[in-house]
Amino acid sequence: MEKRTLGTSTVKITPILMGTWQAGKRMWVGIEDADSIKTIRAAYENGITTIDTAEVYGDGHSEQIVAQALSDVRDRVEYATKVFVRHLKYQQVIEACERSLKNLNTDYIDLYQIHWPSGAFNSEIVPIEETMSALNHLKEQGKIHAIGVSNFSREQLAEAAQYGRIDSLQPAYSLFWRNVETDTMPYCVENNISILAYSPLSQGLLTGKFAAGHQSPPEDNRAKNRLFQGENFERAQQALDKLRPIAKKYNCSLAQLALAWLIAQPQTNAIAGARYPQQAQDNAKAGEIKLSPEDISQIDNIGRIVTDHFDNTGIMWEW
């Protein structure tokens, strides 16, 4: 898979990244460590060399699983992890990074990201200047190679950029969830900031595996996902029916079509999670699909069956 430059940094990433929220187990059901390790390894063996994780995914468990899967090929992969919103004071950032380095069994992190802006989840407000100061220090030490932010608005991104180079933004972005296009994407294009889209398959909705009438169990985080509720879910089913003939044309799955569409958007790369090796292998194949401009436009219009009914504010989950 041909790599892309992350922002203006020295880091190269694959347009499809392996997402490992599920490997942390918390807020997911039926996850086994052995499966997670095999799946991360399968992603690597099929060309996905960039792995996204976070300290909050199972309190470091996801990071540890990534290390178990890939430590022997560390020089051929890129680790992206995140500091949580409750650790944004200067010393907390330094300590969080050290924990992540230990969990990942490495002496450097390719991309270190602020997971949520200060104040999210009723957290203490920490000036972005303080957080960025710690991140800049870690970068100067060589412990991190690039700085990114996640779930930031355009205004928050621009403010952070006043205090250091931001090379990536990680928003929720998929064919069915597109507020980034009107908020932060223009800023990212103008300033050469890579977009790393999480939930690029809308937590599996874009795979077509959730049939009409599906109800997620309460312990599954999908139960609080706005796309899985009421009329939103029904509109998604209508859109999927219109996408199926296009997927058939490219001899690919709905999921692969959705990923191919996403990485064809400006500055955009897709973080795709997977529970099992075959899913990781299928995600990797999406990086090889070249959609025609006409089909990109048609897919865009189909997605709006769902997105035109959102106000383009808020987050995907009603937590």
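**View 1. The largest pocket of the predicted model has a volume of about 1000 Å³.** A pocket here is an open set of points on a 1 Å grid over the protein atoms alone, with protein on both sides within 12 Å along at least five of seven lines. Its volume is the space filled by probe spheres set on the points. Of the 45 lining residues, Trp 21, Gln 22, Trp 28, Ser 199 and Gln 203 are closest to the pocket centre; lining means an atom within 4 Å of a point. Helix 8 (254–263), strand 10 (268–273) and helix 9 (277–286) each give two or more residues to this lining.

**View 2. Helix 3 covers residues 90–103.** At 1.5 Å a residue, its 14 residues should span 20 Å, and the end C-alpha atoms are 20 Å apart, which agrees. Buried residues (under 20% relative accessible area, 1.4 Å probe, protein chains only) of helix 3 include Val 93, Ile 94 and Leu 101. The buried residues of helix 3 pack against helix 2 (61–70), strand 5 (78–83), strand 6 (111–114) and helix 4 (128–141). Just after helix 3, Asn 105 takes a positive phi of about 55°.

**View 3. Strand 5 is mostly covered.** Six of its six residues are buried. Glu 78, Ala 80 and Lys 82 point one way, Tyr 79, Thr 81 and Val 83 the other. Strand 4 (residues 50–52) runs parallel to strand 5, joined by three bridges. Asp 52 stands opposite Ala 80.

**Notes.** Residues are numbered from 1 along each chain as its sequence is written. In this predicted model, local features need pLDDT of at least 70, side-chain atom pairs count only at pLDDT 80 or more, and totals for chains, interfaces and linings use all residues, while side-chain values use heavy atoms, leaving out hydrogens and water.

Definitions and conventions: On a 1 Å grid over the protein atoms alone, a cavity is a set of points where a 1.4 Å probe fits but cannot get out, and a pocket is an open set with protein on both sides within 12 Å along at least five of seven lines; lining residues have an atom within 4 Å of a point. Helices (H or I, at least four residues) and strands (E, at least two) are DSSP runs, numbered from the N terminus. The expected span of a helix is 1.5 Å times one less than its number of residues. Buried means under 20% relative accessible area, exposed over 50%, partly exposed in between (1.4 Å probe, protein chains only). Contact means heavy atoms within 4.5 Å. Two strands pair if DSSP finds at least two bridges between them.
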